[in-house]
Amino acid sequence: MEKSSSNLIEQPLRVYLQNTKNIVESVLLEHISVEDCAVLIRETEISRPQLVAYVVSQQPLELEQLQFHLQEAIPSALLPKAYVQVSNLPLTPTGEIDKQALISLPVLDFQLAEQIEKQLKSRLEIEQLAVILQEDSLRLPRLHITDLLPKSHRLNTPVIKQLISSAPELKTQLQSSQTKHTKETIIINGTNYYSHEIEAVVEEIKQVEASYTVACVVKDADSATEKLAIFFHSPIVEDERLQKLLQTIQQTIVNKVGLNPDYLIPVAKEGIPKTAIGKIQRLQLSQRFQAGEFDTILKRLDILMGDRNTLPDWFYHKIWRSQKPVWQDWQPISGHTVVFLDSSGLGSILCQHLQSANRSSICVQIGKEFSLLGDNSYCINPQNPDHYQQLFQSILYNGQPVTEIIHLWTYDSLSADIPSLDALQKAQDRGIYSLLYLIQALAKVQGSQEPVRLLCVGSQTQATSSTDKIAPAKSPILGLLKTIPQEMTTLRVRHVDLLLEEEENNTAYILQELQTNSKALEVAYREGQRLVPRLQKVDWEQQPKGELPFKQGGIYLLSGGLGGVGAEIAKYLLENYQAKLLLLGRSPLDEKIKVYRELEQLPGEISYQQVDICQYEQVQQALTQALSQWQGELAGIIHLAVVYGQNLLLEETRDNLEAVLRPKVQGTWVLHQLLQDRPNSLFISFSSLADLFGGANIGAYIAANCFLENFTHYQRHQQGHQSYCFVWGNWDNLSIRQDNLAQSWLHRRGSCTISTTQGLYSLLTGLYHNQEHLLIGLDGSKPYSQKYLEIAARGLQKLTAYFTTKDIGTTISDLIVQIQDYAIADDFGTLAICDFIQIPQMPLTVTGEIDREQLRLLSAGRDTQTPIMPRNDLERQISLVWQEVLGIGQIDIHSNFFELGGSFIKAIILVNKLEKQLRRNFHFTLMIEAPTIAQFSSYIRNNYPELNSRVQGSDMGTTNSKTTVLSGKNNVIPITKKLITVATDIEEGEI
């Protein structure tokens, strides 16, 4: 009876929470650190219904900040009970949030950690114990080359077995000979080594069982080269412990014997052949090795150690999948909705719907001159940036702000084919240049304090399947849309791609997006379904296999062919196919002469021409000369030319933007024209993972890559060409040079550094499996990457218990088994897993308490040696601000701000706080040049020597003033002013 009565009482609460959770989601999404979220009602048999927020964020959640942010709009009693940071929001096959998948994740918090500590501290065997809540990081898995490429397609470079980074190159030649006596001798560079001596050194290691170790020479099945192998037995089988053991064995042999073995092979006892009297039969082991009996073990060890026979599992496809919108209430707003009208009438219909919903709508048509056509109707020239400013000045004259913008100027029937460079340029006037002028004018006239929703609606811009027909000339606009959120945080943008043939439904789709509670940057509608992009890991077993598309002696054109990556690909084609290469570049040959001379020494032939690849006549003439010289046909084009420019969007100019776009937009079109009479020719282009992540300062570069990727779809599926586009991380020391902030930004989001060998193997893998569009170098273990992935959701935090033991006789393995028998459940009854790690000594603070921050560093594999603490008052003052902004404890003065979790926004907050304390003007980009406390302090001492004495008595506290400190500083660029203002408001819970 009591339970029934309780249900009746709680029923109104459950209904109220159901109505409240959508509001909570909307308010959470307004927070800058929240990428996506879902709020669910959770309850148990003994608890009342409560809200739990599942949050996708690129950085660790700051719960107090989120709570404070929510309290601005929601009563405290209705705030979420708990927050769970998740990798992604899983979707059901029908596109809805998979609530059951989220509910299955435990709710971890400090209270649960304290509960575990209380339970376990009572055990007599445990001396000290600390349970901490920390990031649950994953390891990037690896793939074996033999599973990706047949032997005939692998590189001819020697494979160097190296398990430890410090192993010297000790051997050059290995020979084996048996003496007339009973001992086997291994001869290396004329020096004799006895097998039993090497074996004895190995068996000194505690985890290696004696009398089951063999040192002998072996041969690969396809090679006559003899190599040193060590067979051994150990009870250790777990990957992590086995990896450490292998490193220990190799290091021991290197140090004590002076050899670097090629193979370390763990085997079962019965795998070591012995005679009846126990003598080891080394020759039999060598024969079994050559027969391939140990290939499976070697493959496992290669993957475990990550040697040059493997690649990281960093390959992904872009897919589109259904996602139903999360609705928010349609309410009248006080601001204006500005609609940039298309020519088909869709915009006019939208304005009618908006007005019927009591929303003020303003229509903007395309014309030659700026004019007011009537009430709430204007005409502007898309190519004139002044017209956009006049437009917003006129709209804002009545005092009401612009709160929504619908840009429809790429919603048209533009032909997929691009007839000329002029037509390609003209398409940008209504696309990327129009958007650039729009956001610049909006920021200049209205400022950046007012939140604005911007929908860019286009047609034929995104390809959601191989059958979609697109107009690639429209696609550069996508690059700016991916950059805006990083630079203009109060401008919420989204691109919506529609089909012209679904015109009767497109009005409803746009209105739906205005009501959708989401931070999705890209949405497409196809046959009534709302689609969003996701990334799917490539399953190579399911991919088609073929032949590499290169031809022996073929003629290939390489744009950017003497650049870092281009030179490596040229080298591969010369060495393996004796190709004839026409290398095009914008630099004089004497600037690249060293690379050119190196390539000249290789088989095949090369010719370099200094041309502008955006000038068709120059490129055509260079190709005609090469074909005449070599008496053949063009086999393919490899397009690597790039201009990398950095500029904030609010400072960007048309000339600068066009300079970055030229090689990948106009240059791609020019090179494509060379294929018109050569339908069987190959076309390979390279893009960047920056296109996936976005990034401050690189909007033009991302826009250029967006065109390149979409043009590949057009080439292959609408023109029938053999086209490929590979989207790369950063080729180590070979790719374009990016500044520290850009590199740190991309690396923390999951862009891997790619060695030359890894890059070439990845390229060949993609070509061998006929992958037209392949992402390479994406670390799917990074939290930021996971929000894009088609994977099962997981919590990004875990509980770890670090403990020391007393010497009372219980073995550690027995103790851990007993500890792990404890049942640990969260407040909702979901079982939580806690890792248990024994450490020799518990780190302590100066006051004798357990140093939990050091344990977190230990868990992340960071060096826990005593950090170098601030050495003077100035460094101490800077350090305190760092600790406050980053939310961590003691900081080494040489630690990099961005490696500690700093971000673009946090850099602005940090500089803003230091300006308040030191009363000096600093540009936030100083954090790029001086990313450590020591470097920042040195900059201040060198440029503001008067602060060295004044800082002694400065106020070490911080202020909570909501005043925008930089509002009157002429030497600070507008974007910095805006972002610092936003950052200040975020910090104080105003946004």
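Mentor: Buried means under 20% relative accessible area, exposed means over 50%, and partly exposed lies in between (1.4 Å probe, protein chains only). By that scale, 55% of the 991 residues of the protein chain are buried. This is a predicted model: local features need pLDDT of at least 70 and side-chain atom pairs count only at pLDDT 80 or more, while totals for chains, interfaces and linings use all residues. Residues are numbered from 1 along each chain as its sequence is written, and side-chain values use heavy atoms, with hydrogens and water left out.

Now the pairs. A salt bridge here is a side-chain nitrogen of Lys or Arg within 4 Å of a carboxyl oxygen of Asp or Glu. The count is 30 salt bridges.

Start with Glu-513 and Arg-494. Their closest N and O atoms are 2.7 Å apart. Glu-513 belongs to helix α14 (residues 503–514) and Arg-494 to strand β20 (residues 491–498), so the bridge ties together parts 19 residues apart in sequence. Helices (H or I, at least four residues) and strands (E, at least two) are DSSP runs, numbered from the N terminus. Both partners are buried: Glu-513 has a relative accessible area of 0%, and Arg-494 has 3%.

Next, Arg-597 and Glu-600. Here the closest N and O atoms are 2.9 Å apart. The two are three residues apart in helix α16 (residues 593–600), about one helical turn. Arg-597 is partly exposed, at 44% relative accessible area. Glu-600 is also partly exposed, at 37%.

Lys-913 counts as buried, at 8% relative accessibility, whereas Glu-884 is partly exposed at 38%.

Stay with α27 for a moment. This helix covers residues 873–886, 14 residues in total. From first C-alpha to last, α27 reaches 20 Å, close to the 20 Å expected. The expected span is 1.5 Å times one less than the number of residues. Buried positions in α27 include Leu-874, Ile-878, Val-881, Trp-882 and Val-885. Just after the helix, Gly-887 takes a positive phi of about 70 degrees.

Finally, look past single pairs. Lys-318, Lys-482, Glu-522 and Asp-691 are linked in a network of salt bridges.
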